[in-house]
Amino acid sequence: MIELLLSSGIGVLTAGGVWLCLRRRTFDVVLGLTLLSYAVNLFIFAMGRVRVGALPILRPGAAPTLEHYTDPLPQALVLTAIVIGFAMTALLLALSLKGRFARGEDTCDDAPPPPEEYPR
Amino acid sequence: MTAWLIAPFLLPLAAGALLLFVERVAPRAQFAFGVAAVVALLAIDVRLLEHASAGQVDAYLLGNWPAPFGIALALDRLSALMLLLTAAIALPSLLYAGPRWAARAPHFHAFFQLQLAGLNGAFLTADLFNLFVCFELLLIASYALLLHGAGAKALGAGFRYVVVNLVASSLFLIAVSLLYGVAGTLNLADLAVKLPRVPAESLGLAQAACLLLLVVFAVKAAIVPLGFWLPAAYRNAPAPVAALFALMTKVGVYAILRVSSVLFGTEAGAFAELGREPLFAFGLVTIAVAAVGAWAARRLAGLAAMLVTMSAGTLVAAIALPGSAALPGAVFYLAHSAAIGAALFLVADAIADRRGELRDLLVAGPPPAHPALWALLFLALAAAIAGIPPLSGFVAKFTMLAGSVGAPGAPAFWSVVLATGLVATVALARAGSRIFWEATAPPPEARRLIPLEFAAIALLLAYAIAIVVLAAPVQRYAAATADQLARPQGYVEAVLATPPVPSPPRAGH
């Protein structure tokens with residue numbers, strides 16, 4: 001059950017992220033990239049195998065094999081990926097804000113948007 | 001000597017951090033400080049190249065953890081060459097920027113050093129996740145460098161550049177974690193041992209992960225269906241930054257070369273020669289598309305960006321040429337094209353600065369001030385790019401083509417490289433005649449020739465000449481590099497067998 005929940009969650013996040021990334025406004029793209037990075041982080045996490053109720057830290061009384069623990073390495077990797085993804089999102093937001101004020105619009109391409117699509 | 005492996009990473013990192021303080025305390029000293037750091041880096045890289053040219057592979061264990069568990073750095077001939085190339089191109093880029101650039105772009109020198117740290121780390125690491133971290137480091141520095149004092153147009157191009165690279169980073173993470181899920185390791189040497197033993201039911205997953213890795217590297221190397229972010233980003237970048245960026249596509253090429261050598265070697269079972277044919281085909285398409293783009297370029301910087309794309313396509317096609325010995329030529333071409341690409345961006349900017357309002361637009365108008373000097377420099381660069389005999393392009397292309405004789409893909413490779421070489425020559429000749437010959441007005445008032453700018457361009461041209469004068473030793477080194485890449489066992493053994501440094505005995509327990 002937990003596997004189904006996790007994998008469909010990753011799938012939905014990825015689908016939403018890709019859809020938003022293909023949109024025209026920078027804010028949608030930033031949101032899309034955020035969703036994508038959530039999906040990727042969950043995916044890294046899942047690659048350490050899904051275990052319920054297992055710790056990544058050695059404790060007395062349990063033999064140090066993967067039978068008794070969950071794999072700690074993907075958790076370390078995901079931490080790095082979260083930090084980097086967070087920094088990149090902040091940078092991208094600053095960039096799109098700067099673009100919004102420098103160009104007066106927040107589209108990703110240089111052409112002005114058709115007026116009927118984005119009323120101002 | 002092994003401890004010096006970390007130096008090309010730590011030195012720019014420390015210099016970048018210190019430069020933030022220098023900027024506050026003595027802003028005028030930033031330039032001298034940055035140049036000193038790059039010169040020191042150059043000296044270390046020369047020493048490392050000398051060391052690596054003996055043919056052994058050295059590994060450095062970060063934190064003294066044995067190889068598959070900790071992060072390892074490895075130095076072989078290819079890494080040493082890439083390190084030296086990075087420092088050798090960083091120096092003229094920095095010289096061209098000169099002391100005045102620091103005022104124009106805040107934190108320029110700090111970001112420049114951080115970008116060098118990211119590049120050097122990517123060339124040294126023997127661990128896929130660490131490669132991801134180094135990519136991010138060099139990218140985040142490159143975003144800042146690209147967008148310094150950027151106008152509205154460059155902002156749009158910069159935004160797209162950042163988005164494309166972030167999507168590529170997501171794909172990189174998916175590939176890396178998939179590989180970890182299947183093989184249980186991310187150390188390149190350990191993966192080389194474990195991938196061929198992957199059980200049959202997860203073979204498909206592992207191959208998909210490997211191919212996804214190649215896709216990510218192809219984005220970085222600007223191979224065609226994935227490389228359309230490059231021209232707009234590069235032609236809008238400030239010249240010293242664009243010159244350094246000429247190396248960034250080479251990082252993608254390096255990663256493809258490293259991964260195909262260590263993981264997809266001939267003895268890798270189901271992974272042998274993985275992705276070779278599509279890479280070859282897309283490399284050729286990249287060359288052709290870039291040639292058309294070079295013909296259509298409206299600015300000299302745009303032409304330079306297209307030629308950088310073209311050289312990346314040539315390199316990938318030469319690396320992936322099925323069953324051939326074009327690799328020594330490709331290594332030679334790598335060194336040549338990085339130096340020449342950087343020089344072309346600098347010359348384009350220098351001409352733009354001296355041509356009044358037309359800048360580097362390829363339309364008839366006034367020639368730049370000091371027309372004879374710039375025409376001569378442009379001619380030399382164009383000859384080097386086109387591959388006309390006395391300069392480095394000829395030797396590089398000749399070695400590559402001569403090596404590929406008899407390979408199954410050779411006819412396609414030959415015809416594409418030679419035909420697009422002609423197209424590029426015509427494009428360059430047209431650009432030169434528009435700027436220098438179709439003069440409709442006298443050149444604008446002569447600007448004082450800034451010696452540093454000239455020195456930077458002269459230094460890059462001197463590399464191109466040195467590559468020809470020293471063609472025999474360079475070629476020997478390139479051949480030895482290709483040989484080392486063809487036999488990755490040495491790399492694998494060196495990384496896995498390097499023992500941690502024993503801790504000193506504790507006195508008075």
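Which residues are exposed on the other side of helix 19 of chain B? Before I answer, please keep in mind that this is a predicted model, in which local features need pLDDT of at least 70, side-chain atom pairs count only at pLDDT 80 or more, and totals for chains, interfaces and linings use all residues. Residues are numbered from 1 along each chain as its sequence is written, chains are lettered from A and ligands numbered from 1 in the order in which they are written, and side-chain values use heavy atoms, with hydrogens and water left out.

Helix 19 of chain B takes in residues 451-469, where helices (H or I, at least four residues) and strands (E, at least two) are DSSP runs, numbered from the N terminus. The exposed residues I asked about are B:Pro451 and B:Val469, whereas B:Glu453, B:Ala456, B:Ile457, B:Leu460, B:Leu461, B:Ala464 and B:Ile467 are buried. Buried means under 20% relative accessible area and exposed over 50%, with partly exposed in between (1.4 Å probe, protein chains only).

Let me turn to two loop residues. B:Asn64, in the loop between strand 1 (58-61) and strand 2 (72-75) of chain B, has a positive phi of about 65° although it is not a glycine, and is partly exposed at 33% relative accessible area. B:His107, in the loop between helix 4 (101-104) and helix 5 (108-124) of chain B, has a positive phi of about 60° and is not a glycine either.

Methods
The expected span of a helix is 1.5 Å times one less than its number of residues.
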